[in-house]
Structures are given as structure tokens and as C-alpha cells.
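I am keeping these notes as I look through a structure, one topic at a time.

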Amino acid sequence: MRAFARLLDRLFFTASRNAKLTLVRDFLRETPDPDRGWALASLTGVLSFDAAKPGFIRKAIEARMDPQLFALSYDYVGDLAETVALVWPAQAGANAEPEISEVVEALQSASRSDVQLLLERWLDALDADSRWALLKLLTGGLRVGVSARLAKQALADFGGIEVSQIEEVWHGQHPPYADLFAWLEGRSEKPSADTPGRFRPVMLAQAINEETDLPKLDAGDFAAEWKWDGIRVQAVSERGMRRLYSRTGDDIGQAFPDVIAALNFEGAIDGELLAMRDGGVAPFGDLQQRLNRKLPDAKIVAKFPAFIRAYDLLLDGEHDLRTLSFRERRSRLEEFASRAGSSRIDLSPLIHFADWEALARLRADPPEGDARLAEGVMLKRWDSLYEAGRPKGPWFKWKRDPHLVDAVLMYAQRGHGKRSSFYSDYTFGVWREDANGDRLLAPVGKAYFGFTDEELKQLDKFVRDNTVDRFGPVRAVRADRDFGLVLEIAFEGLQRSTRHKSGVAMRFPRINRIRWDKPAREADELATLERMLK
Amino acid sequence: MTKPQTLLRPTPAGLCCVPGNFMIDPVRPVAFAVITHGHSDHARAGHGAVLATPETLAIMESRYGAGFAGTMQSVRYGETTNHNGVAVTLVPAGHILGSAQIILAWKDLRIVVSGDYKRRRDPTCAGFEPIVCDVFVSEATFGLPVFRHPDDAGEIAGLLKSVAQFPERCHLVGAYALGKAQRIICLLREAGYDKTIYVHGALAKLNALYESFGIALGPLADATTDEARSFAGAIVIAPPSTIAERWSRRFPDPVTAFASGWMRVRARARQRAVELPLVISDHADWDELTGTIAEIHPGEVWLTHGEEEALLRWAVLNGVQARALSLQGYEENEGE
């Protein structure tokens, strides 16, 4: 348990993805089976213990400690699990420290009354950090920023292989992943990927550089499609198993029973999951309503129906099509989709274009209909095979130019790691009129990239020189009608949001330019953003 | 028995020894000050006369210059001096180099003022000596049951493990310039780390002072150089205020660590954007505070500064007579 606790502790305070990968990889190297497997499963949130309840923790501490001393401690720390971990009175002659596997295995079979006893026994045997890890594990609140994606990458780093290889076998693997580790350590063969309904690692596109890439490419070699603004999914129906995967291989089927019900075929489709509205594509916000919940609510499912817009076919019956060309796969897909004949599966149409210039015009001004909601266009070589990962050359994404807005810097927060001495996270706002007719800034977003190192230094200096207030790591900077720094913000889209005071939330905002020259009062109005909402 | 308040009483300027006509760790200039240790909130410049250990006087001189007080009286541990009938003896407090508890003996009364103290071993200073007394005047910086400092060797092992895990990054350790920094260096040496340790300029004089008192720190170098170098794999020690400040930009992508008892509480570490909290403190933790009171078993406990409420509750539960003096002017921040 101690090694797991140390890992959790480091992950808790580490913001950088690369550093997290190093920490997890090293842990996997140093920890034996089955502890590392159970640790990995708990980090990625696939374990839950129904018999464990936060009430047990309170009950345990109340029996051990003066309630007034506990209340003073809890008041100071503010988190129940952390407080109990810190104040738990050391017990001389306690049992041996349990390993994480012992804890997980015991919890999986324990009854509620057992859990209370086990919990107290374990707390007696562990040190403060391990007690914290135990309590967080028990209540399912690890929250140390390790996604399934990150865990798979760490496994790949550990085994010295590509992450797509992990993704390919992942769905046949179960905690504590003994077969997987045996393979990654070269002690056994690659586990079989032949699990019905398994995930096939996806092929990704590179961003195109209009100036350097396009002139070198022949338009005749490429098919073009709209780049749909949903989420990339893989829909598999194979020997009775129906699955819906995200592009990283996470099973998201539970949230989309309507889509799962429509997978009445034998094969694997690569496509975009979109929400439907009035017979066409709905803005991303509708899909967001579905993505936010793990278990669907019938009303929400009916209000925001989802469907798949198919653009590739990986498996047709028993035939793996990934080694065929895109041209061949596409014609098989068209046939496949019409055979399936489902209202929840349609075909992503090809865009007909004569040359790059013609395509550029369509991209800038898409025709009426769904294409207006596309994020840009996708280019796929007619002769491209379906390769896992992001190979250079066969597929490109050519995104539409972002929306731009001029906003005023309001708050800045310190960054992490190499940015910890810089105010590098910026909250910006646009003007709105309050009830008295005064012009005030309404915060509309936060951006922390898009600038060069040199610009970061200048921004940091501006923040330090113009601070008007401080709240912990956050500084408020002077921002009024007569003085303020205007930032040109680029973003991909706008949604209504009840969580933001301004009522709007930006997708993917970043700093496009710093407008040192522009007076604050000339920054944009909230009304301009509101008009962009559909 | 003589009432303790006739010998020692709290005043806005600090603890006043009435018959002895001196103050202990006064927060403003007075005619005669007895100083427990060299941290700046306890040892201030400008007193008429100062009595302290030779180490504490040396620290004050190094910080404030030779004329930091009118006269200085250097008193070794165990040596007793007499002031208007009050016998004053200094004994080790285990907090930092030269730190002392002050024993006041007068008539039939003995009061011990702990100053800041800790009970665990520290390679840079003499260990705390428990003294039987009528009144024990204790600090209470970490007087909450949540503060239980782990073994410092384990914390140092965590730092060295991180250095091995991230050889391309530099480890920037925030540590108070007086006491904590030198203790961290010694602990690193004890753990077998023999490479050059880079230090912020604010540490240079104090490091030299520690070495002059026979505390070997091993190879050190100034971290503030114009020379372009990567510091990859290096350990740099600097005052806490500098680790997230502009000075730290010379280090590419550092792992920021902070050695303090406050790091025990996650929110505190998060607040300072610390990536590697090191729970290493020069103050007694909850178990040390309560254990010391139980061991000395004084007639009465007075708490000077810190988290007093929980200790008062503990005293009630354990039948110890205690009261809080709530002295002002001593920083909540550990040390300084």
C-alpha cells in the first residue's frame, strides 16, 4: 500500500502529463503483480466498492478520538478523508501493512459489517499517506488526474511499445492485468486480441499546414469530407457483442443505449457520434448533454437523440478491411450502410472538388445544411490503408479558421512546473451593460496557451505591474474602460452555459494575439458573442 | 508557593521577567533581552543588552551586523547567570543551531520557557533537554492532532527518488535560510548524497556560520551564476519566498519542493503550487508537544503562540492545568 500511496501523493501534486507518465511507468516497474494491476485499475476508476460508505470513516474515528479534537482538526483541514488519515492515532503492535491487492480483494467480497472492521484494522496498520490512499480508494475519490488514456500510454512506455498495441488488446484484459504485464515484460506472447466486440486502434489525421503541405499534394490523390463536430467513435457489433468506443478505446456504450440498439449489423464502423435535431446535425452542445452523464436519463435520451455518421469500415462480417485502401473501404462502407438501413447510422458524404482552391472556398463557406456546423474538412488519400496512430501523410485535417474576439485581461493565475514563476493562465472578459447602464467586464473564458515564451514574459510583467488585488495564487489586474490589456482570443465555438456568469462558454480558447495597441474600451461586447450562439 | 505571575508575565512586547528586569524574545527594542534563538521574529536588533548562546549571538551578528545591540552576554548551555536574584540558565531546545530553553529560578519557583523546540534528532543542533519545572511555557505552532511529522529520512528519500526519476529536471527545494536549509543539506549528506548542492545567495553567510561551528555541509556552490547551465539533475536550496518567484526562472522546468511542517496539509501545498511537499519541520509536532508536557509534568503549562485551542482541550482531557498567553508578533510561518 505504501508504494501506491507514494504514487498517489506524487500524482496529486503533479500537473504535467509527462511527469505523470514517468511516475506511473516507474511504479509499474517497481511494483510486483498483482499490486500494480489493482493500482492501475483504481487509478483509472474502474473499481468501485459498493460495501464501502463514507459513514464508516466517521464512525471509525468517532470511536477513537475526542470529538472536539476531531472537530478542530476537520475544521482546519476541510476534507474528511484527509483529516482522518492525519489524526488517526498510531497503534502500537498493529498488524502488518496490507498491500493494495489485499485491500481490493477483501473489499470485493466483504459485507458492510466486515468493511467497518477491516477499515479500522487497516488504518491501524498504515502510515498517514497510506491511510489517505486507502480512504480515497474506498470512497472512489482518487481524482489524481489519471485517465484511461494516460494509463495506457504509461503501460506502452513501460513495455517500450506503441500505445495502439495496448489499445488493441485492452478490451480482453481485466484487473489485475497479469497477462498484459507478462507480455509487456517479454515473459509471454501478446494476449489475444480476438475478443468479440473488441476495440481496434484508430487512425488519426495530422493538421495540415496550408503553406507548406498543400502545394506539395495532388488534389486528385485525396478524398475530402466534412470534419464533423461530434466525438470520434468506433461502433462494433461482432458475434453478439455490441460496443461503442471513444477514440481512445473507452467503452461509452452505457450512455448511448439508443445507438447501441441500432447496431444491427456484423462489423466495425469508424465514424462521428453526433446529436440529431430536426432531421439534421445538432450543435455540439446537444451532444454534450449526453456526454456529461454516465447513465442515461430517458428524457435526455429522447430530447437529444444520437446517431453515427459513418466514414470508414474496419470490419465487414468476418473480414478485416484495414489492409485495404480507403477507396475500397469507402465503397464497402456505402454498401454496408445501405444494407444496415438504420436511422441512427448515416454516411458522411464525400465533398466533390476540382482543386485545392475550390476546396478552400467550400471550407470557408460551406453549403446550407449540416456542413455549416462542420469544423472544417478532412483529406484522406484514396490509397491509404487504415493504420493505427497518427501516421504522417495519408490523412489531414484542415480546420476552419477560428472565431476571434477581442477581450480584456481580468485575472491571471500562476502556472505549474516550468511556468510556476509566471502568471500564465489568463481569465478574460468582454463588455456588458449592467442595470445602471454602466459598462462592466463579464468574464467569458480562460486561456493558457497561444503565446510565445517571450510574450509570456511580457504578459507576466504586465500582470505584476498592474495587480490590483490578490486571492491566493490569483491576481486581479487593472481592467476598466480607461485601462486594460486587450487579448485577441481565438476559439472554436460557443455554447450556452449556466455555469459561467456571462452565460456563454468557449470551446478551445487560446490567445491569438496580444493587442498592446488597442484601448480596453474598444474590446468586444458580450452581445457580439451572444449573436454567435445559435 | 510563590505565584508564577510575579516572576514572569506576558506583555505586549513579549514575556517579561519582572524581578529579573529583562524580556524574553521581545518583539520591540528593550533595555535587556534574553533571546531563545536566532530566527528574526524572536531575535530582533536594537536592544540595549542581549543575553544568548554564542551561536545565537553569532547568528544575530551575521544578520544585523556587529552593532546589533548595546552589549552582548554570551552564555553557554548549562551556564547560570544571576539577574537581580533570578538565576537564568540556558539549555538546548533542539530547534536550530544555538536554540535554547530558558530556565528561570527564583525563590521556590522554576519556570522553563521552551522557545521554539523539537524533540527529534537534528544533525545541526544539540537535542532538547527536558527540565522539571513548575511552569512550562511552550510554543504551540503545530498544536493540532493533524500535525504529525513523518520520519525526516523518509522525506529525504522521497526527494532523492524524485531526483533519480527526473534526471532532466532540477529540484528546487524551498527551505528557511536559517536552520532548515542547513538541516536539509546535512540530511542529504547523511543519505549519501555527495554531489554539489546549489544554494541561493541568502544562504551563503549562514552556511559559512554553521560550518564555523563545526557542522560540515559538504560541497556547495552559488546557484545564482551568470554562467549558462542547465542544473539538470541538481538540487538547489533557496528561501521559500524565491521558489515561485522570478529568481527561479533560471532553472528550466524545476520540480518545486518545500520543506515545512505545513506541507502535511494538502491544501497548503496546493496553494503554493508545490510539486513535492517535504514534511520536515523544526517545530515539535502534536505528539512531541503533548509527549513533552506529559514527560515534564509541570504544575502548569502556558502556551505562547500557535494553535492553542486543541492543546488546551488535550490538557483538559489529561488533567493538565494550561492557559494560552496568545503572544503577538511571532509569525505563524514556521521559523521565519
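**Domains of chain B.** I looked up how chain B is divided, keeping in mind that this is a predicted model, and I found domain 1 (4-146 + 283-324) and domain 2 (152-278). The C-alpha centres of domain 1 of chain B and domain 2 of chain B lie 29 Å apart. Where the two meet, 15 residues of domain 1 of chain B are in contact with 15 residues of domain 2 of chain B, and I noted that the domain 1 side is made up of seven nonpolar, five polar and three charged residues.

**A sheet in chain B.** Next I traced an open sheet of seven strands in chain B, whose order is 7-8-9-10-11-18-19 and whose pairing is mixed. Which strands stand at the edges? They are strand 7 (80-83) and strand 19 (322-324) of chain B, and each has a single partner strand, so one side of each is left without a neighbour in the sheet. From one strand to the next, the twist averages 20°.

Within this sheet I followed one pair, strand 8 (residues 86-92) and strand 9 (residues 100-106) of chain B, which are antiparallel and are joined by six bridges. Here B:Val91 has B:Gln101 of strand 9 of chain B opposite it. I reminded myself that strands of a sheet pair through backbone hydrogen bonds, either parallel or antiparallel.

I then checked which helices pack on the sheet. Helix 7 (residues 286-296) of chain B touches strand 11 (135-140) and strand 18 (300-306) of chain B, and its direction makes about 175° with that of strand 11 of chain B. Helix 8 of chain B also packs on the sheet, where it touches strand 11, strand 18 and strand 19 of chain B, and its direction makes about 165° with that of strand 19 of chain B.

**Where the chains meet.** I looked up the contacts between the chains and found that 31 residues of chain B are in contact with 28 residues of chain A. Helix 6 (266-271), strand 17 (276-278) and helix 8 (308-317) of chain B each give two or more residues to the side that touches chain A, and helix 8 of chain B gives the most, with five residues. By class, this side of chain B has 17 nonpolar, four polar and 10 charged residues.

**Nonpolar cores.** The largest nonpolar core has 213 residues, of which B:Ile184, B:Val236, B:Ile237 and B:Ala257 touch the most other members. Strand 7 (residues 306-316) of chain A gives the most to this core, with eight residues. I also noted a second, separate core of 33 residues, which includes A:Ala407, A:Trp431, A:Phe491 and A:Leu529.

**Strand 7 of chain A.** Is this strand buried or exposed? I found that 11 of the 11 residues of strand 7 of chain A are buried, so the strand is largely enclosed by the rest of the structure.

Its partners came next. Strand 5 (residues 267-277) of chain A runs antiparallel to strand 7 of chain A, with nine bridges between them, and A:Ala275 has A:Ala306 as its bridge partner. Strand 9 (residues 345-347) of chain A runs parallel to strand 7 of chain A, with three bridges, and there A:Ala310 is partnered by A:Leu347. Finally, strand 7 and strand 8 of chain A form a hairpin with two residues between them, and A:Gly317 in the turn has a positive phi of about 65°.

Technical notes: Residues are numbered from 1 along each chain as its sequence is written. Chains are lettered from A and ligands numbered from 1 in the order in which they are written. This is a predicted model: local features need pLDDT of at least 70, side-chain atom pairs count only at pLDDT 80 or more; totals for chains, interfaces and linings use all residues. Two residues are in contact if their C-beta atoms, placed from the backbone, lie within 7 Å. Helices (H or I, at least four residues) and strands (E, at least two) are DSSP runs, numbered from the N terminus. Ala, Val, Leu, Ile, Met, Phe, Trp, Tyr, Cys and Pro count as nonpolar, Asp, Glu, Lys and Arg as charged, and the others, Gly among them, as polar. A nonpolar core is a set of buried Ala, Val, Leu, Ile, Met, Phe, Trp, Tyr and Cys residues joined through C-beta atoms within 7 Å. A residue is buried if 20 or more other C-beta atoms lie within 10 Å of its own, exposed if 12 or fewer, and partly exposed in between; C-beta atoms are placed from the backbone. Domain bounds come from an automatic or database domain assignment. Two strands pair if DSSP finds at least two bridges between them. Axes are lines fitted to C-alpha atoms, for helices over the stretch in contact, and angles run from 0 to 180 degrees between N-to-C directions.
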